[in-house]
Amino acid sequence: METSLFISNYRKAFGKAELPIAFWYSDSPATLVTKTRGCFMGYLSPARKGGIVSFDAEAISCPGGKTYAGFTPAPPFIPGFVSGKECYKETPEQVSSFIEKLQIPEELPPYLNFASAESVDNLEETEGIAFFASPDILSGLISWTQFDSDAPDAVSVPFGSGCSSLVSQTIAENRRNGKRSFLGFFDPSVRPVVEPDILCFAIPLSRFREMYYTMDKSCLKGTHGWERVRKRITNV
C-alpha cells in the first residue's frame with residue numbers, strides 16, 4: 001500500500017482536510033517520548049499537524065490511559081472509579097466485563113507511536129489509522145467504509161474512553177484480523193481535549209488493507225451527492 005497514493009486519493013475526496021494519523025508499537029521510540037498530564041489523547045497535536053509523537057508507560061499519567069494503551073493491567077480501583085465517580089456504567093462489574101472483553105493484546109512493545117500519514121513510509125507496519133473528523137467528513141468516511149461491506153457492524157460505536165476507542169479496540173481488531181472500524185470520542189472525559197465538532201474514526205490495518213483499493217470506486221470518486229458535501233468541506 002503506497003502512502004502517497006492513499007494521500008492523493010484522500011485529497012481528491014476531502015481537499016485539504018486534516019490527514020489521518022497512523023499508530024504502531026515499537027521497541028524504540030519514533031521520536032522523543034512525550035510526558036503527559038491527564039488524557040493523553042490531548043497530546044496528539046504534533047501527529048495531527050504532520051509530525052510524530054511517542055509514549056511509553058511512564059509518560060502516560062492517566063492509569064486508564066496506561067491500561068487502554070496496553071502498557072499495564074487495569075488497576076483494581078478502575079471499575080469502581082468509572083462506575084461510582086464518573087458514572088459511566090451502572091456497576092463496577094459492568095466496567096470489569098468491558099475491560100475483559102476488550103482483549104487488549106499482552107506483552108506489547110514498550111513504545112506507542114502516532115504519526116501523520118504523510119510521515120509514514122509504509123502503512124503495512126502500523127496497527128491502523130485514525131481520523132479526527134467533523135460530521136461532514138465522517139459522512140464520507142463512513143460511506144467509504146460501508147461501500148464494500150454488508151456487515152451490520154462495519155462501523156461500531158462501542159462504549160469506552162477516547163483512548164480505548166482509538167487504540168484498544170483498533171489494535172485488538174487488527175490482531176484478530178477483524179473488519180470493524182470504530183467511531184469514538186463520545187466519552188465526556190475526552191471531549192475537553194478535542195475540538196467541539198470533532199470525533200475520531202479509527203480503522204484497523206486488517207480492514208484498511210481492503211478499503212485502500214475502494215476509495216476511488218465509492219461515492220468519494222465525485223458523485224453528485226458527495227460533491228455537494230465536499231464543496232462545504234473545502235469551502236469551494
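Visitor: What is T170 in contact with, leaving aside its neighbours within four places in sequence?
Guide: In this predicted model, T170 touches F23, E127, G128, S165, F182, A202, I203 and P204. Contact here means heavy atoms within 4.5 Å. T170 itself is found in helix 7.

Visitor: How do you know whether T170 is buried or exposed?
Guide: Buried means under 20% relative accessible area. T170 has 0%, so T170 is buried.

Visitor: F182 was among those contacts. What makes F182 count as buried?
Guide: Its relative accessibility is 1%. The cut-off is under 20%, so F182 counts as buried.

Visitor: Where does F182 lie, and what is F182 in contact with?
Guide: F182 lies in strand 6. Beyond four places in sequence, its contacts are S156, P158, S165, Q169, T170, E173, C200, F201 and A202.

Visitor: How far apart are F182 and A172?
Guide: They are 10 residues apart in sequence. In space, the C-alpha to C-alpha distance is 12 Å.

Visitor: Which residues touch the most other members of the largest nonpolar core?
Guide: F114 and L166 do, in a core of 69 residues. Not counting residues up to four places away in sequence, L166 touches F23, M41, L44, F114, A130, F132, F185, C200 and A202. In soluble globular proteins, nonpolar side chains tend to be buried together.

Visitor: Now helix 9. Which of its residues are buried?
Guide: Helix 9 spans residues 224-234, and W226, V229, R230 and I233 are buried there.

Visitor: What covers the buried residues of helix 9, and what does the face turned away carry?
Guide: The cover includes helix 1 (3-14) and helix 6 (135-147). The face turned away carries the exposed residues H224, R228 and R232. Just after helix 9, N235 takes a positive phi of about 60 degrees.

Visitor: Which residues of helix 4 are buried, and how do you know that they line one face?
Guide: The buried ones are I78, P79, V82 and S83. Seen down the axis, they fall within an arc of 120 degrees, so they line one face of helix 4. Their cover includes helix 3 and helix 5. Exposed G84 and K85 sit on the face turned away.

Visitor: What comes just after helix 4?
Guide: C87 does, with a positive phi of about 60 degrees. C87 lies in the loop between helix 4 and helix 5.

Visitor: What makes the phi of C87 worth a remark?
Guide: The value is positive, and C87 is a residue other than glycine. Most residues other than glycine have a negative phi.

Visitor: Why is C87 called exposed?
Guide: Exposed means over 50%. C87 has 58% relative accessibility, so C87 counts as exposed.

Visitor: What about E107: where is E107 found, and why is E107 called exposed?
Guide: E107 is found in the loop between helix 5 and strand 3 (111-116). At 79% relative accessibility, against a cut-off of over 50%, E107 counts as exposed. Phi of E107 is near 55 degrees, again a positive value in a residue other than glycine.

Visitor: What volume does the largest pocket have, and which residues lie nearest its centre?
Guide: The volume is about 500 Å³. Of 31 lining residues, Y68, E86, S161, D187 and S189 lie nearest the centre. Helix 3 (63-68), helix 4 (78-85), helix 5 (92-102), helix 7 (162-175) and strand 6 (181-184) each give two or more residues to the lining. Helix 3 gives the largest share, with four.

Visitor: How do the lining residues of the largest pocket divide by class?
Guide: There are 21 nonpolar, eight polar and two charged residues.

Visitor: How much space lies in the second largest pocket, and what lines it?
Guide: About 240 Å³ of space lies there. The lining has 13 residues, with T72, P73, I104, P105 and E106 nearest the centre. By class, six are nonpolar, four polar and three charged.

Methods: Residues numbered from 1 in each chain as written. Predicted model: local features only at pLDDT ≥ 70, side-chain atom pairs only at ≥ 80, totals over all residues. Heavy atoms only, no water. Buried < 20%, exposed > 50% of the residue type's maximum accessible area, 1.4 Å probe, protein only. 1 Å grid on protein atoms, 1.4 Å probe; cavity = no way out; pocket = protein on both sides within 12 Å on 5 of 7 lines; lining within 4 Å. Points joined across faces, edges and corners; volume = space filled by probe spheres on them. Nonpolar A, V, L, I, M, F, W, Y, C, P; charged D, E, K, R; others polar. Arc of directions from axis to C-beta. Core = buried A, V, L, I, M, F, W, Y, C linked by side-chain atoms within 4.5 Å.
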